[in-house]
Amino acid sequence: MPQPAEPAGGGRPPAVYGERLAPAVFILPAVLVVLAMSIFPLIVSLYLSLSRFKLAKGGFTVDFIGTLNFQKLLVGSQQFHLLGKLVPLSPVAWAWVALVALAALWPAISGLRRGAGWGFVVGRLVIATGLVAIALLFGATASEGGQFGSLGVTLIYVFGGVTVQYLIGLGLAFLCAQKLAGRRLFRVVFFIPMMITPVGIAYTFRMLTDTTKGPFAPFWQLAGLGDFAWAATAWGARIAVMIGDAWQWIPFMFIVLLASLEAQPVDEVEAAMVDGASRWQVFRYLTFPAILPVSVTLVLIRMIEAFKIVDLPNVLTNGGPGIASESLTLHAFMAWRALDLGGSAAIAYILLFVVTFFCVSFATLTRRAGVAA
Amino acid sequence: MRATRRMRAIDEPTPLGKAVSYVLLGIWTIVVLFPLYWVSITAFKVPIDVNDGPFYLPFIDFQPALDAWQYLFGTMLADTLRPYLNTVIVAICSSVIAVAIGTMAAYALVRLTYRPRVGAILGFVLCVILAILGVALVGVPWPVALACGLALFALLLYGLGRRFRRALGNDDIAFWMVSQRILPPVTVVVPVYVVFQHLGLLDTRTSLVITYVAVNIPIVVWLMRDFLMGIPLELEESAMIDGASRYRIFWSIVLPLSTPGLAATFILVLIMAWNEYLLALFLSSANAQTLPILIAAQNATRGPQWWSMSVLIIVMIVPVVLLAIALERFISRGLLIGAVKG
Amino acid sequence: MAQDKPFEGVTVNIVTFTGPQIAEPLQRRAPDFEKLTGAKVQVITVPFSDLYNKLLTDFATGTNSYDAAVFAPQWMGDFIEPGYLEVLTDRVKGDAALKWDDIAPFFRDFSASYKGDVYTIPLDGDFQMAYYRTDLLKEAGLEPPKTWDDYLAIAEHFNGKDLNGDGKADYGSCIAKKRNAQSYWFITSIAGNFLQTQGTSEGAFFDTATMTPLIDNDGFRKALQIYVDSTKYGPPDEINLDVGDTRGLFTSGRCALTLDWGDIGTLAIDPKTSKVQDKVGAVIIPGTKEVVDRATGKLVACDATTCPNAIDGVNHAPFAAFGGWSGAINAAKDAKTKDAAYAFLSYMSAPEQANEDVTIGITGFNPYRTSQFENQDLWIKAGMSEAAAKSYLGAIEASLNSPNMVLDLRVPQNQRYQQIVLDTAIHRTLAGETKPDEAIQEIVTGWDEITEELGKDDQLTAYKASLGVTK
C-alpha cells in the first residue's frame with residue numbers, strides 16, 4: 001500500500017500552513033479594499049487641491065499651483081464664501097470668546113496641576129487653540145454686519161442639529177422604554193424615516209415647506225404668516241434644513257438610546273426605588289451614567305455623518321438665500337459641478353481637517369466618561 | 001420583597017404619565033407619518049392638482065389618477081425597471097460582500113494580534129505617492145507605476161523595515177479603518193472615476209459594488225468588532241484544543257452565534273447602499289444608474305415633477321420598510337452593542 | 001434591401017437629460033428612425049444638473065461612451081476648444097431634407113456655429129419672453145408691457161388682487177429667482193436690453209475689445225434694481241422658486257405677469273396643467289428707451305444711432321438663454337456611427353418631424369424654424385385658440401426676427417462666470433446680504449479672476465469666436 005506522499009516542498013502539512021496564513025487571510029481583503037479606495041483617492045485629491053484643472057485639446061491638464069486654491073478660499077476672493085463676512089467683534093462676542101477660551105483651557109490646566117505628561121497637556125492645548133479659533137470665527141461672523149460662510153453654517157448644522165436630535169431621541173426613547181401597550185408599533189414606525197434616501201427626503205420636505213402649495217400653506221395664512229417666506233431669510237432656510245435633517249436622523253438616536261435603556265438591569269432600578277429613591281434620582285445616578293458611554297459614541301457617529309450634509313440644503317434652497325444655508329460639502333459640490341476641481345478638492349480637504357479635529361477632540365475630551373474610544 | 005397585593009410594576013407609569021406619554025408619542029407618530037402620507041397622495045395627483053394648492057384627501061379634494069404610475073411603469077417601463085434592478089442587485093451584493101469581508105476583519109482584530117510597523121506603513125504611503133507623481137507628472141503608464149511602486153515598497157520593507165521597531169496595534173488598525181467614514185465622498189469622486197475608467201469598469205454594476213463595499217466596510221468593522229467581543233473565548237479555545245482550524249472556528253462557531261449582529265449590520269449597510277446618490281451618479285451613465293439618481297432626475301429643467309418623484313420614493317421605500325419591520329428586533333440590539341464599546 | 005437601411009447594425013448612444021422634455025421626442029421617434037435606416041438609437045438620460053459635468057468628464061477622460069448628445073449650445077465653448085465635437089458644416093450644406101435655411105437666422109448663424117463652422121443641429125428654440133394674462137389686462141384697459149417701467153407698473157397694479165377667483169390674494173409678477181437653478185438668465189434678459197443695441201455680434205457680457213465685464217455701468221445697475229424691485233410684486237418666497245414653481249403659479253392663474261421660455265404657451269392649453277386656457281398672451285421681452293454708452297458707462301436716450309434696432313423707439317434684446325437644445329456629435333467616434341448619429345439628428349430637426357413636435361408641450365421643443373410660426377394651423381390643431389396662437393406666435397416671430405438677439409455666454413467655463421459668480425452675487429443681493437453696488441464689484445472681481453486664470457487672450461478670442469466676430 002503506497003504511503004501517503006510527503007507534501008511537496010517537505011516541511012509543514014498544508015493545514016498548518018493555511019493556519020499560519022489565517023491572520024493575513026482574515027484581514028487583508030478588508031485592508032486592501034479600504035486602502036485602494038481611500039489612500040489613493042486621498043492622495044490624488046490632495047494633489048488636485050494644489051493644482052488647477054483645465055480642459056485642453058485631447059483631454060485635460062492639471063497644473064501645479066501650490067496653495068493658491070487654499071489662499072483664495074481663506075484670504076482671497078472666496079473668503080466670504082468659506083469663512084463668511086468678517087467684521088470686528090462686538091463686546092458680547094469677545095465675552096463669549098473669553099468664556100470658550102477658559103472652558104477649553106481647563107482640561108490642559110487641570111492636567112498640568114495633576115502632573116500629567118506633556119503629551120497630554122500639549123494635546124489639550126491644541127484642542128483649545130482650535131476651539132478658540134472657531135469661537136473667534138463665530139464672533140467675527142455673528143456680530144453686527146457679519147455673515148456666516150459655509151464653514152460656519154456647517155458647524156451650526158452639526159452642533160445645533162446633533163444636540164436637538166439627541167435630546168428629542170432621548171425623550172422618545174424614555175417614553176418608549178416605559179411599559180406602554182403598542183410600543184413595539186411605535187418603535188417600528190419611528191424607524192422609517194432613516195430608511196428613505198436622503199435625496200427623497202430633501203424633495204419631500206421641499207414639497208412640505210412650499211408656502212403656496214404645500215400642505216401647511218393654509219395654516220401659514222391663518223397664522224398671519226402668509227407673507228413670511230422662510231426660504232428668503234437666512235435663519236429660516238437654515239432651520240428648514242435642520243428640521244429635515246432632524247426628521248431623518250432622530251430615529252437613529254432613538255433606536256440606540258431605547259435599546260440601551262432597555263438593557264438596563266431592572267433589579268437595580270427596583271432596588272433603588274424600594275429604598276425610596278425618587279425617579280429623578282434614579283435617572284441621575286443610575287440611568288444617566290449607564291447610557292453615557294453609548295451617548296458619547298452615538299453623538300460621535302452622528303457628528304461624523306452630519307458634517308457631510310449636502311442633499312437637504314441642495315434641494316431645499318440650493319444653498320440660498322445667497323449662501324446662508326450652504327454647507328461645506330455643498331460648496332465643494334457646486335465647485336465640482338462647474339469643473340473647478342482644484343477648488344472643490346481644496347474645500348473638501350478643509351472639511352476633512354475640520355471633521356478630524358472635532359472628532360479627535362471629542363474622543364479625547366470624553367475619554368474620561370468611561371468609553372474606550 | 002414584594003407586597004402581596006398587585007403592585008404597579010416599578011417602571012410602569014402613572015395613569016397621568018401614561019396619558020401624557022401617549023399624547024407625545026402620538027404627536028411624533030404624526031410627525032413621522034404625515035410626510036409619508038403627503039408623498040403617497042402626491043403620487044396619485046395630476047400636475048394641476050399639485051400646483052393649484054394643497055389638496056389633502058383623495059376622492060374628496062381631488063380625483064386620484066394613475067398618470068404618474070402609467071408614465072413610469074408604462075411608457076418608461078424599461079427606464080424605470082433598470083435602475084430598480086440595479087439598486088436591488090448592487091445593494092444586496094455589496095452588503096453581503098461588505099459584511100463578509102468586514103466580519104472577517106473584525107474577528108481578526110478581536111482574536112489575533114497584529115503589529116504593523118510604522119516604518120512599513122510610512123514606506124507604503126511614500127511608494128504610493130511616488131507612483132502617483134510618476135503617472136501624473138512624468139506620464140508613466142499606470143501598470144508600470146503600480147509595479148514599480150510595489151517593488152520599491154517590498155525593497156524598503158525588507159531593507160529598512162528592520163530599522164524601525166515602533167509598531168502599532170490592533171486598536172490602531174481598527175481606528176484607521178473606522179476613521180475612513182470621516183472622508184467626504186466628494187473628495188474621492190474624481191480619482192475613483194479615473195481609476196475605474198482605466199480599468200474599463202465605468203457604468204457597470206461591478207464598479208458600484210466595489211465602491212460601496214469599500215465605503216461600508218468601516219461600519220461593518222465598527223459594529224461587528226464589539227459584537228464579536230461578546231462571544232465567550234472559552235468556546236473557541238476548547239475548539240482549538242480539539243484541533244479545529246481558525247477557519248473552522250469562525251465558520252461553525254463564531255458566525256452562528258453572532259447572527260443577530262450580522263442581521264443588524266446587514267440591514268444597516270443595505271440601507272446605506274440602497275440610498276446612496278453621489279457615487280452612483282458619478283460612476284454610472286446609462287446602464288448602471290440606480291433609483292436615487294432617477295429620483296433626482298425628475299427635477300427636470302421645467303421644474304421638479306413632483307408626481308413622478310413621489311411614485312419613485314414610495315417604490316423605493318416599500319421594500320426596505322418591509323425588510324426592516326421583519327428584522328427590527330435585531331437592529332436595535334445589534335446597534336446597541338456596537339455603540340457601547342465604541 | 002440593404003440600400004434601404006444604410007445603418008443596419010449600427011447603434012447610436014445619444015445622451016440628454018432625464019425628461020420627459022427633450023428625451024420624449026427622441027425616444028418616441030427612435031423606432032421610426034430605425035425602421036427607416038436600420039440604426040438603433042439608444043437614448044441615455046442623466047439628471048439635468050449633472051449633464052454638463054458627465055458629458056465633459058466622458059469626453060475629457062477619453063471614455064467616449066456617448067456618440068451624440070443633445071445639450072445646450074451655450075456649453076459649446078468648453079467642448080469645441082479641446083476638439084470634442086464633430087464639424088457639421090459640410091454635412092449640413094449638403095442636406096436638403098434638413099431645410100437649413102428654414103431655421104431662424106439667429107439659431108443658424110449664432111447658436112449652431114462657432115468661428116464660422118456649424119457644430120450643432122438645433123432642435124429647440126430657447127429664448128425668453130414676457131407672458132401676461134390677456135383677460136386681466138383687457139379688463140384693466142392696460143397694454144402689454146413694452147418697457148420695464150410698464151412691466152413693473154402692471155405688476156404693481158395687480159399685486160395683491162385675487163386673479164383666479166379662489167379668494168386668495170395673488171401676485172403681480174412671478175419670476176424664478178432660485179439660486180443655482182435657472183434664475184441667472186433672467187437678470188441678463190433684463191440687462192441685455194440696456195447693454196446690447198447693435199446686433200448679436202456686439203455681445204452683452206464682455207467688451208469685445210478688452211474683455212472687460214459689462215457689469216459696472218449704469219445699465220446693469222438699473223437692470224439689477226428692476227430685478228430686485230420685481231420681487232416686491234411676487235410671491236413671498238419668490239427667491240426660492242425655480243422655473244417649475246413659477247410656471248405652476250402662472251398656469252394656475254396666480255400671476256399677472258411672468259418671464260419664461262416658450263413653454264408657457266403649450267403648458268397653458270393643457271387642461272391637466274392649466275386653469276388659464278385661452279387667457280394667456282405673449283410679448284417680446286420688454287425693452288428700454290435708455291441704453292448704455294459703452295465708452296462712458298452712462299445711460300443715453302435711444303435714437304437712430306444708439307438704437308438702430310429699436311421697435312417704436314424701444315430697444316429690445318431678446319435673450320436666447322441657454323441656446324436651445326441642440327444635437328452634437330462626438331468627434332472621436334468612427335465614421336459610420338457619426339453618419340448614423342447625424343442622420344438621426346437631421347431627422348429630428350427636419351420640418352416633417354420638428355413642426356409637429358414643437359406644438360406638443362411635453363416635448364419641451366419650442367419653435368425655432370420660420371415655418372413653425374408662420375403656420376398657425378398646427379398650433380390650433382394642438383388646442384390653442386386663434387387669438388392665443390396669434391399672440392404667442394407673434395411674440396416668437398418678433399423675437400426671432402430681431403437682429404438684436406442676445407447670444408448666451410459661450411466662453412470656456414462659462415458656468416463659473418454665470419453659475420458661481422453671477423448667480424451667487426445676484427442672489428445675495430435679492431436676499432439682502434449685499435448691496436447692489438457691492439454685488440456689482442463682486443461680479444466684476446470674480447469674472448476678472450476667472451478670465452485671468454484661464455488666460456485673458458484665450459478667453460477674448462473664444463468670446464469673439466462665439467459671437468461670430470472674425471476680426
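Okay, let's start where chain A meets chain C: 28 residues of chain A are in contact with 32 residues of chain C. And before I go further, keep in mind that this is a predicted model.

So which parts of chain A supply that side? β1 (51-56), β2 (59-64) and α14 (328-337) of chain A each give at least two residues to the side that touches chain C. If you sort the residues on that side of chain A by class, you get 13 nonpolar, 11 polar and 4 charged.

Now turn to the other partner of chain A, which is chain B. Here 83 residues of chain A are in contact with 81 residues of chain B. Which element of chain A gives the largest share of that side? That's helix α1 (residues 14-49) of chain A, with 22 residues. The classes on the side of chain A that touches chain B come out as 63 nonpolar, 13 polar and 7 charged.

Okay, let's look at chain A by itself. Chain A has 15 helices and 4 strands. Its C-alpha trace spans about 100 × 80 × 55 Å along the principal axes. How does the radius of gyration of chain A sit against that of a compact globule? A compact globule of 373 residues would come out near 21 Å, but chain A has 26 Å. Buried residues make up 45% of the 373 residues in chain A. And if you take the contacts in chain A between residues at least 6 apart in sequence, 69% of them join residues at least 24 apart.

Let me zoom in on one pair of helices in chain A. When you describe two packed helices, you give the angle between their axes and the distance between the axes. Our pair is helix α12 (residues 279-306) of chain A and helix α15 (residues 341-365) of chain A, which pack at an angle of about 175° with their axes 10 Å apart. Angles over 145 degrees count as roughly antiparallel, so α12(A) is roughly antiparallel to α15(A).

Who makes the contact? From α12(A) you have Leu300(A), Met303(A) and Ile304(A), and from α15(A) you have Val355(A), Phe358(A), Cys359(A), Phe362(A) and Ala363(A). Sort the residues of that contact by class and you find 8 nonpolar, no polar and no charged. If you have the structure open, find Phe358(A) and Phe362(A), which are among the α15(A) residues in this contact.

Next up, chain B. Chain B has 15 helices and 2 strands. Of its 342 residues, 45% count as buried. For contacts in chain B with a separation of 6 or more, residues 24 or more positions apart account for 78%.

I picked one residue here to follow, Thr42(B). Where does Thr42(B) sit? You'll find Thr42(B) in helix α1 (residues 15-42) of chain B. Is Thr42(B) buried or exposed? A residue counts as buried with 20 or more other C-beta atoms within 10 Å, and Thr42(B) has 23, so Thr42(B) is buried. Leaving aside neighbours within four places in sequence, Thr42(B) is in contact with Met207(A), Val50(B), Trp306(B), Trp307(B) and Ser310(B). Notice that Met207(A), one of those contacts, belongs to chain A. Then there's Pro116(B): Thr42(B) and Pro116(B) are 74 residues apart in sequence and 56 Å apart in space, C-alpha to C-alpha.

Last one, chain C. Chain C has 19 helices and 15 strands. Its radius of gyration is 22 Å, close to the 23 Å that the globule rule gives for 471 residues, so chain C is as compact as a globular protein of that length. The C-alpha atoms of chain C fill a box of roughly 65 × 50 × 40 Å along the principal axes. Of the 471 residues, 61% count as buried. In chain C, residues 24 or more positions apart account for 75% of the contacts with a separation of 6 or more.

The domain assignment of chain C gives domain 1 (11-125 + 324-393) and domain 2 (129-321 + 401-407). The centres of these two domains of chain C are 27 Å apart, taken over C-alpha atoms. Their contact takes 14 residues from domain 1 and 16 residues from domain 2. On the domain 1 side, α5 (105-111) and α16 (386-401) of chain C each supply at least two residues. By class, that side of domain 1 has 6 nonpolar, 8 polar and no charged residues.

Note on methods. Residues are numbered from 1 along each chain as its sequence is written. Chains are lettered from A and ligands numbered from 1 in the order in which they are written. This is a predicted model: local features need pLDDT of at least 70, side-chain atom pairs count only at pLDDT 80 or more; totals for chains, interfaces and linings use all residues. Two residues are in contact if their C-beta atoms, placed from the backbone, lie within 7 Å. Ala, Val, Leu, Ile, Met, Phe, Trp, Tyr, Cys and Pro count as nonpolar, Asp, Glu, Lys and Arg as charged, and the others, Gly among them, as polar. The radius of gyration is taken over C-alpha atoms; the globule rule is 2.2 Å times the number of residues to the power 0.38. A residue is buried if 20 or more other C-beta atoms lie within 10 Å of its own, exposed if 12 or fewer, and partly exposed in between; C-beta atoms are placed from the backbone. Domain bounds come from an automatic or database domain assignment. Axes are lines fitted to C-alpha atoms, for helices over the stretch in contact, and angles run from 0 to 180 degrees between N-to-C directions. Angles under 35 degrees count as roughly parallel, over 145 as roughly antiparallel, 65 to 115 as roughly perpendicular and the rest as oblique.
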